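Visitor: I have not looked at this one before. Can you walk me through a few spots in it?

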Amino acid sequence: MTVIKAACVQITSAPDIAKNLEATAALIREAAQAGATFIATPENTCQMRFPTSAKLDSAPTQDNHPGVALFSDLAKELEVSILIGSLSIKRDDGKIANRSFLFSSDGSINATYD
């Protein structure tokens, strides 16, 4: 039987994407140091903004989202799998996807879900 130690990290996202990502990364590091090999974050990990139009104006595309690169690098560095509950991703049609990402321990994206 394989035993997996999992961790769920919780943050209170605010409008500042960089600060939210920094706080989340610190909690992911803490969970990995405690032995977790599968770490999950909540929905809206990168930002909470109201009204929705403000979120739309600030949401990056997937290719430009700092969270995608950050969590990919962290998964690889820490050799853990990371499930990001969701990031706000601007789609090609101008709408926002509330996109979940599963990063493998080599940093690759194993799955996404909108």
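**Ser-104 and other spots**

Guide: Start with Ser-104. Setting aside neighbours within four places in sequence, Ser-104 is in contact with Ala-75, Val-80, Ser-81 and Asn-110. Keep in mind that this is a predicted model.

Visitor: Where is Ser-104 placed?

Guide: Ser-104 is in the loop between E4 and strand E5, which covers 109-113.

Visitor: Buried or exposed, that Ser-104?

Guide: Ser-104 has 10% relative accessibility. Buried means under 20%, so Ser-104 counts as buried.

Visitor: And which side chain does the side chain of Ser-104 join in a polar contact?

Guide: That of Asp-106, at 2.3 Å.

Visitor: Let's move to Arg-99. Which strand is it in?

Guide: Arg-99 is in strand E4, residues 96-103.

Visitor: Which side chains make polar contacts with the side chain of Arg-99?

Guide: One is the side chain of Gln-62, at 2.7 Å. Another is the side chain of Asp-114, at 2.6 Å.

Visitor: What else is Arg-99 in contact with?

Guide: Leaving out neighbours within four places in sequence, the contacts of Arg-99 include Gly-85, Ser-86, Leu-87, Ile-89 and Arg-91. Thr-112 and Tyr-113 are also among them.

Visitor: Is Arg-99 buried or exposed?

Guide: Arg-99 is buried, with a relative accessible area of 13%.

Visitor: Change of topic, helices. How do H1 and H3 cross?

Guide: The axes of H1 (residues 17-33) and H3 (residues 66-78) come within 11 Å and cross at roughly 15°. Angles under 35 degrees count as roughly parallel, so H1 and H3 are roughly parallel to each other. Their crossing is right-handed.

Visitor: Which residues meet there?

Guide: From H1, they include Ile-17, Leu-21, Ala-25 and Ile-28. These and others in H1 meet residues of H3, among them Pro-66, Leu-70, Phe-71 and Leu-74. By class, the contact of H1 with H3 has 10 nonpolar, 2 polar and 2 charged residues.

Visitor: Now the backbone. Which residue other than glycine has a phi near 55°?

Guide: Glu-79, and the value is positive. Most residues other than glycine have a negative phi. Glu-79 lies in the loop between H3 and strand E3 (81-90). At 62% relative accessibility, Glu-79 counts as exposed.

Visitor: What about Asn-44, what is its phi?

Guide: Asn-44 has a positive phi of about 60°, although it is not a glycine. Asn-44 sits in the loop between strand E2 (38-40) and helix H2 (52-58).

Visitor: Buried or exposed?

Guide: Asn-44 is buried, with a relative accessible area of 14%.

Definitions and conventions: Residues are numbered from 1 along each chain as its sequence is written. This is a predicted model: local features need pLDDT of at least 70, side-chain atom pairs count only at pLDDT 80 or more; totals for chains, interfaces and linings use all residues. Side-chain values use heavy atoms; hydrogens and water are left out. Helices (H or I, at least four residues) and strands (E, at least two) are DSSP runs, numbered from the N terminus. Buried means under 20% relative accessible area, exposed over 50%, partly exposed in between (1.4 Å probe, protein chains only). A polar contact is a pair of N or O atoms within 3.5 Å; within protein, one must be able to donate a hydrogen and the other to accept it, and residues adjacent in sequence count only if both atoms are side-chain atoms. Contact means heavy atoms within 4.5 Å. Axes are lines fitted to C-alpha atoms, for helices over the stretch in contact, and angles run from 0 to 180 degrees between N-to-C directions. Angles under 35 degrees count as roughly parallel, over 145 as roughly antiparallel, 65 to 115 as roughly perpendicular and the rest as oblique. A crossing is left-handed if the near helix is turned anticlockwise from the far one by less than a right angle, and right-handed if clockwise. Ala, Val, Leu, Ile, Met, Phe, Trp, Tyr, Cys and Pro count as nonpolar, Asp, Glu, Lys and Arg as charged, and the others, Gly among them, as polar.
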